[in-house]
Amino acid sequence: MQEEILRIWEAEKTTMVLVTHDIDEAIFLGDQVIVMGHAPDTMKEKFSVDLNRPRDRSSAVFTSLKKEVLSKLLETPL
């Protein structure tokens, strides 16, 4: 499904907004990853995904960004 989303995005050259709970998927597909907070409409952090396509999920940069996003996601709310 992720490959199909990329194919459509490349063919249509359109903006897409995807909501997922899968960090790998967010980094693999997105140019930005937004971590939402517990309260409605609160954004904890926005990460830019500056990785070339096709993206390699096993690369050090991908793994490092995944750790950053996960760390922010698991932070205790204030």
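Predicted model: local features only at pLDDT ≥ 70, side-chain atom pairs only at ≥ 80, totals over all residues.
## Exposed and buried

A residue is called exposed when its relative accessible area is over 50%, buried when that area is under 20%, and partly exposed in between.

Helix α3 runs from residue 60 to residue 74, 15 residues in total. From its first C-alpha to its last the helix reaches 21 Å, close to the 21 Å expected at 1.5 Å a residue. Four of its residues are buried: Phe62, Leu65, Val69 and Lys72. Viewed down the axis of α3, these buried residues fall within an arc of 95°, so they line one face of the helix.

## Lys72 and its two partners

Lys72 forms a salt bridge with Glu45, and the closest N and O atoms are 3.2 Å apart. Since Lys72 lies in helix α3 and Glu45 in strand β2, the pair ties together parts that are 27 residues apart in sequence. Glu45 itself is partly exposed, at a relative accessible area of 29%.

Lys72 also forms a salt bridge with Glu75, again with 3.2 Å between the closest N and O atoms. Glu75 counts as partly exposed, with 37% relative accessibility.

How many salt bridges does a search of the whole structure find? The search finds six. One of them joins the side chains of Arg55 and Asp31, at 3.4 Å from N to O. This pair links distant parts of the chain, 24 residues apart: Arg55 sits in the loop between β2 and α3, and Asp31 in the loop between α2 and β1.

Is Arg55 buried or exposed? Arg55 is buried, with a relative accessible area of 8%, whereas Asp31 is partly exposed at 41%. Arg53 joins in as well: Asp31, Arg53 and Arg55 are linked in a network of salt bridges.

Conventions: Residues numbered from 1 in each chain as written. Heavy atoms only, no water. Helix = DSSP H or I, 4+ residues; strand = E, 2+ residues; numbered from the N terminus. Expected span 1.5 Å × (residues − 1). Buried < 20%, exposed > 50% of the residue type's maximum accessible area, 1.4 Å probe, protein only. Arc of directions from axis to C-beta. Salt bridge = Lys/Arg side-chain N within 4 Å of Asp/Glu carboxyl O.
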